[in-house]
Amino acid sequence: MATPTASAHRPRTCRGCGRKFEYPVKGSPASRHHCEDCVGVPPETRKVLERLNQRVTQLERQLESQRRQQAPPTTPAA
Ligand SMILES: [Zn+2]
């Protein structure tokens with residue numbers, strides 16, 4: 001199982017908005033943990049963004065695990 005993605009340009013997930021972005025990109029102000037949109041947000045506002053994003057991520061995980069429990073992935077019809 002070979003992974004086709006290059007190790008140098010691994011997509012990163014923004015801590016502020018959860019968006020996938022490339023880092024580093026020439027000419028882009030994006031930092032290691034924040035995409036180019038969130039890197040310009042004032043620190044105190046970004047803190048709130050990160051908190052909300054954490055909750056969304058947590059809720060997504062909960063939803064996914066509930067969905068898995070309700071519908072098992074392999075159910076042979078016959
Ligand atoms: Zn972002």
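pLDDT is the predictor's confidence in each residue, from 0 to 100. This model is predicted, and the mean pLDDT of its chain is 88. The chain holds one helix and two strands, arranged along the sequence as β-β-α.

**Confidence**
- A pLDDT of 70 or more is reached by 83% of the residues.
- Confidence is highest in helix 1 (residues 43-70), with a mean of 96, and lowest in strand 1 (residues 11-13), with a mean of 94.
- Where pLDDT is low, predicted coordinates should not be read in detail.

**Helix 1**
- Helix 1 is built from 28 residues.
- From its first C-alpha to its last, helix 1 reaches 40 Å, close to the 40 Å expected at 1.5 Å a residue.
- Helix 1 lies largely in the open, because the number of buried residues among its 28 is zero.

**Burial and contacts**
- Across the chain, 6% of the 78 residues count as buried.
- Of the contacts between residues at least 6 apart in sequence, 29% join residues at least 24 apart.

- The loop between strand 2 (20-22) and helix 1 contains proline 24.
- The peptide bond leading from tyrosine 23 to proline 24 is cis, and its omega is near -5°.
- Most peptide bonds are trans.

Conventions: Residues numbered from 1 in each chain as written. Predicted model: local features only at pLDDT ≥ 70, side-chain atom pairs only at ≥ 80, totals over all residues. Helix = DSSP H or I, 4+ residues; strand = E, 2+ residues; numbered from the N terminus. Buried ≥ 20, exposed ≤ 12 C-beta atoms within 10 Å, placed from the backbone. Contact = placed C-beta atoms within 7 Å. Expected span 1.5 Å × (residues − 1).
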